[in-house]
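Student: I should like to take a close look at a single part of this structure. Please guide me through it step by step.

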Amino acid sequence: MSVREVAVQAYREALPALAASVVGGLFAGVVLGGMRAELRDVPGLLVLVPALLATRGNVYGSLGARLSTGLHQGLVEPALELDDRVTAAVAAALANGILASLFAATVAFLVLRVLAEPVAPLPTLLAIALVAGLLSGVALTVAVVSVVFVGFRRGYNPDTLVGPLVTTTGDVFGISFLLLSVRFVLALGGM
């Protein structure tokens, strides 16, 4: 293959995923813009949003990279029937995502306290981070595993798909489930 053919193939594979990423990012921005009441009700939540979204990208991007590497090396079969390697990678990603969310909530709480800024009680922030981390983790795991395996079976390079996929689904599911978890925790009396 010539350099031109490789470049054309890379753009052909990446452009739809990048276009979906732009649309997903705009959707996440609209949801975040509509969270004004929740952001007022839970002081410190806005500080937590970038950390939670970055966590999704880092943790589930790593999951996608592990799966892609396993597929390229022939260590993982591109079947939706999970083997021990895939199960272990998924479990590690879910655990890391939840722990990172709880850590981010704790650090946000402590930093805002040190800065004497208004902040919701730590249990409220932890509950919101836990619910959002769990819900978005499950959704991202399903999305990453499905797209990587299906893309690989159809001849696409999963490494090309993982970045935009995780960015888009992480933002969309992350913000959507954050909104849902805030409403859920406040409905249970958190604050």
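Student: In which helix do F173 and F177 lie, and how many residues apart are they?

Tutor: The model is a predicted one. F173 and F177 both belong to helix α6, which covers residues 158-187. They are four residues apart, about one turn of the helix.

Let us consider the two rings. When the whole structure is searched, one aromatic pair is found. It is formed by F173 and F177: the ring centres are 5.8 Å apart and the planes meet at 15°, so the pair is stacked. The cut-off behind this step is that planes under 30 degrees apart count as stacked. The two residues can also be described by their accessibility. F173 counts as partly exposed because its relative accessibility is 27%. F177, with a relative accessible area of 18%, is buried. The limit that applies here is that buried means under 20% relative accessible area.

In general, side chains of opposite charge can pair when their charged atoms come close. The structure holds one salt bridge. Its partners are R183 and E38, whose closest N and O atoms are 2.8 Å apart. This pair links distant parts of the chain, since R183 is in helix α6 and E38 is in helix α2 (residues 36-41), 145 residues apart. R183 has a relative accessible area of 48% and is therefore partly exposed. E38, by contrast, counts as buried because its relative accessibility is 8%.

We may now turn to the packing of α6 against another helix. Two packed helices are described by the angle between their axes and the distance between the axes. For helix α3 (residues 45-73) and α6, the axes come within 8 Å and cross at roughly 145°. The crossing of α3 and α6 is right-handed. The residues of this contact comprise 13 nonpolar, seven polar and three charged.

Helix α5 (residues 122-153) has 32 residues, which at 1.5 Å a residue should span 46 Å; its end C-alpha atoms are 45 Å apart, so the two values agree. Just after α5, G155 takes a positive phi of about 95°. A positive phi, of about 60°, is also found at A116, although A116 is not a glycine. A116 lies in the loop between α4 (84-114) and α5. A116 is exposed, because its relative accessible area is 67%.

Terms used
Residues are numbered from 1 along each chain as its sequence is written. This is a predicted model: local features need pLDDT of at least 70, side-chain atom pairs count only at pLDDT 80 or more; totals for chains, interfaces and linings use all residues. Side-chain values use heavy atoms; hydrogens and water are left out. Rings of Phe, Tyr and Trp (its six-membered ring) pair if their centres lie within 6.5 Å; planes under 30 degrees apart count as stacked, over 60 as edge-to-face and the rest as tilted. Helices (H or I, at least four residues) and strands (E, at least two) are DSSP runs, numbered from the N terminus. Buried means under 20% relative accessible area, exposed over 50%, partly exposed in between (1.4 Å probe, protein chains only). A salt bridge is a side-chain nitrogen of Lys or Arg within 4 Å of a carboxyl oxygen of Asp or Glu. The expected span of a helix is 1.5 Å times one less than its number of residues. Axes are lines fitted to C-alpha atoms, for helices over the stretch in contact, and angles run from 0 to 180 degrees between N-to-C directions. A crossing is left-handed if the near helix is turned anticlockwise from the far one by less than a right angle, and right-handed if clockwise. Ala, Val, Leu, Ile, Met, Phe, Trp, Tyr, Cys and Pro count as nonpolar, Asp, Glu, Lys and Arg as charged, and the others, Gly among them, as polar.
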